[in-house]
There are 2 protein chains.
Amino acid sequence: MPTLSDVAQRAGVTTATVSNVIRGKGSVGPATAERVRAIIADIGYRPNLTARALAEGRAPTLALLVSSIANPFYPEFARAAEQAARREGHFLLVCHTETDADIGLAYLDRVSSGLSEGVLAMAGNLRPQDLVAVADRGVPVVLVMWEQTREALPMHSLTVDFHTAGRLAAEHLLALGHRSIGLVSAKTAEGCLVHVQRHCGFLATLAEAGVSLPDTSIEYDRDTIGGGFRAALDLLSRANGLTAVFATNDLLAIGAMQAAAALGRRVPQDLSVMGVTDIELAAQMRPALTTVAIGTVAVAESSIRLLLDKIRLGSVHNEQYSTPPPVLIRRGSTAPPPR
Amino acid sequence: MPTLSDVAQRAGVTTATVSNVIRGKGSVGPATAERVRAIIADIGYRPNLTARALAEGRAPTLALLVSSIANPFYPEFARAAEQAARREGHFLLVCHTETDADIGLAYLDRVSSGLSEGVLAMAGNLRPQDLVAVADRGVPVVLVMWEQTREALPMHSLTVDFHTAGRLAAEHLLALGHRSIGLVSAKTAEGCLVHVQRHCGFLATLAEAGVSLPDTSIEYDRDTIGGGFRAALDLLSRANGLTAVFATNDLLAIGAMQAAAALGRRVPQDLSVMGVTDIELAAQMRPALTTVAIGTVAVAESSIRLLLDKIRLGSVHNEQYSTPPPVLIRRGSTAPPPR
DNA sequence: AGTTGGCAGTTAAGCGCTTAACCTCAACAA
DNA sequence: TTGTTGAGGTTAAGCGCTTAACTGCCAACT
């Protein structure tokens, strides 16, 4: 592969000049610039990005740490994040930490040793102290939807107002006339605040409306349809007269729809079902799933922008950003309760 | 951030010795090694991977070019590929080329300028000449499931036997007793050989069994459930007496199941439905989707291994590998035809 | 005693690029 | 005439790491 000095040699100038031509900096005569450009095109020279990264002290790469892709939300997020990064001239290194905090640590470690300029951390299984260690080494880190832990970590973070998401869901079901509503949520003991918040927003709204606390089914397996199926089956067979089910994410909601079908209850005529997130699958269901959209693409774009801001401005104070509020997406899986 | 020479200085040795300690090469006395290691741990030194990549002339990174993630198969593949790459000490740069060949070109270009050691190309929208140009520059490229084009590109490739996949599907339905079978496939004019092959294997097997060619519905939108829904609706309303539908991928098949439900036909009692690929969603449907698994994880692992072999052995001949044959996964969406 | 060989380390030359600092010369104003 | 200025370069010092080649030194052979 040709290098800068190959080009320089052929053009009869120094590498500095060629570099200046490429970067459009410094002052180079038009004739020289043209000659250099012609040679670059001729021999097919491409700058070595690794060398450039070393010389500039920064890599055109951002890392995204996600725990798993069991939930299609993550690929959707990753894709949007990658597009946003690309628009800013950056690559995205996607790292699946799976369920193993040590894999996360290994990634954090390697990624923060020069390969990437910053880290977007979404993986709930990362240990807070590992993140802090990396941040302390001067690597820009942005926490995305990191409501896993209550203690505020000393770094930038981007949060989504999941409380409002729960509230919107409750308001929608109440407005339709439902008064006997079941809740399918994730096990709170795992400290998964993203579910707890939705859960609480939902309950608070019902309480304000004077509706008694709903029957609840908790599922450990919060990122599978099967989990929602089992939870809803349990819920529907235990509690009579439920006319609606709210699940704290779309996957659980889809499982709930399946449970309704298995029990011979039609959605939405006999039972309304709704979720949170608005994954692409939600719109593809029959009936299409009513849900509260959190704006996946917007969240991804904000995350990238926040990280890039932190990198470029080097802001020290660790700000906390929120994305625009969630939005109710009315589809076919909810309707007024049967009389 | 501390550098090699910081460590060397504190340890009273040269950077070469520290480097040797880290890499376990050369010969270093046990006492010195221990001292160096202690200092590394003490000051929290991490090798700069960019500098290492430059010095070694290779980056610990592989690039994966996918076109989109509309079909959940791609994230599943990407995840498996990333895990395989990690086990080999590599990172995975995921690049979504979307529908734009120029984005693909830009990625190919940048990724092949030192940032990654090799490229896994799955994106059907990449232009063959762009791939050839990159390969000619000496960048190892492996084509994965690149049956988009008939002309053999001069590079390594990994293919899946989709013809057998179609055959297995036909054999399964025939064995169950179906004689009137519908086919939902992707538009062949787009040159999407991965669908055409499944399609042909299926038809050939039916023909061998003396079963007349089935009714067929072609869908442009091959990577959405909605596409399968529309196609199957068309098919089922046009052709009377169909007892089974074979769709050339799982998404189309899931759409077909929805269409059956919309028409009041129970799956599998009234209509059997099956697909190809075995995406995770297939197992989560109710009834669970019978399908022909192509071994996504195995394909991903083979891709990575093939690419790494090409990189390490620098093999010049452009071999073509095949993954293990597809396997029928019998689930609840197929049954003998109604009498 | 003289050689050999291996261990423990050092030296120094890169890898391909960026960039601050410097040089030269023509044009121009004072 | 002298000084200033700016355009159009050049020089050279890195960025942080790897590695081939080399240097001492000491124990072990013959």
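**From the chain interface to the interior**

In this predicted model, 48 residues of chain B are in contact with 48 residues of chain A. The size of an interface is often given as the accessible area lost when the parts come together. Between chain B and chain A that buried area is about 4,500 Å², and carbon and sulfur atoms give 60% of it. On the chain B side, the residues that lose the most area to chain A are B:Thr50, B:Arg79 and B:Phe91, which together make up 14% of what that side buries.

Of the atoms of DNA strand D that come within 4 Å of the protein, 70% belong to sugar and phosphate. Two or more residues of the surface near DNA strand D come from each of helix H2 (15-23) and helix H4 (49-56) of chain A, and from each of helix H2 (15-23) and helix H4 (49-56) of chain B. H4(B) gives the most, with 4 residues. By residue class, this surface divides into 11 nonpolar, 8 polar and 5 charged residues.

Turning to the interior, in soluble globular proteins nonpolar side chains tend to be buried together. Here the largest nonpolar core has 148 residues, and those with the most contacts inside it are A:Phe77, A:Phe202, B:Phe77 and B:Phe202. Beyond its neighbours within four places in sequence, A:Phe202 is in contact with residues including A:Leu173, A:Ile181, A:Leu183, A:Pro214 and A:Phe246. Another core, of 46 residues, lies apart from the largest one, and among its members are A:Cys95, A:Leu143, A:Met155 and B:Leu115.

A:Thr296 is placed in helix H13 (residues 296-313) of chain A, and A:Thr296 counts as buried because its relative accessibility is 9%, where the cut-off for buried is under 20%. Leaving aside its neighbours within four places in sequence, A:Thr296 is in contact with A:Phe73, A:Glu76, A:Phe77 and A:Thr277. A:Thr277 is 19 residues apart from A:Thr296 along the chain, and their C-alpha atoms are separated by 7.7 Å.

How values were computed:
Residues are numbered from 1 along each chain as its sequence is written. Chains are lettered from A and ligands numbered from 1 in the order in which they are written. This is a predicted model: local features need pLDDT of at least 70, side-chain atom pairs count only at pLDDT 80 or more; totals for chains, interfaces and linings use all residues. Side-chain values use heavy atoms; hydrogens and water are left out. A residue is near a molecule or strand if one of its heavy atoms lies within 4 Å of it. Ala, Val, Leu, Ile, Met, Phe, Trp, Tyr, Cys and Pro count as nonpolar, Asp, Glu, Lys and Arg as charged, and the others, Gly among them, as polar. A nonpolar core is a set of buried Ala, Val, Leu, Ile, Met, Phe, Trp, Tyr and Cys residues joined through side-chain atoms within 4.5 Å. Buried means under 20% relative accessible area, exposed over 50%, partly exposed in between (1.4 Å probe, protein chains only). Contact means heavy atoms within 4.5 Å. Buried area is the accessible area (1.4 Å probe) that two parts lose on being put together, summed over both.
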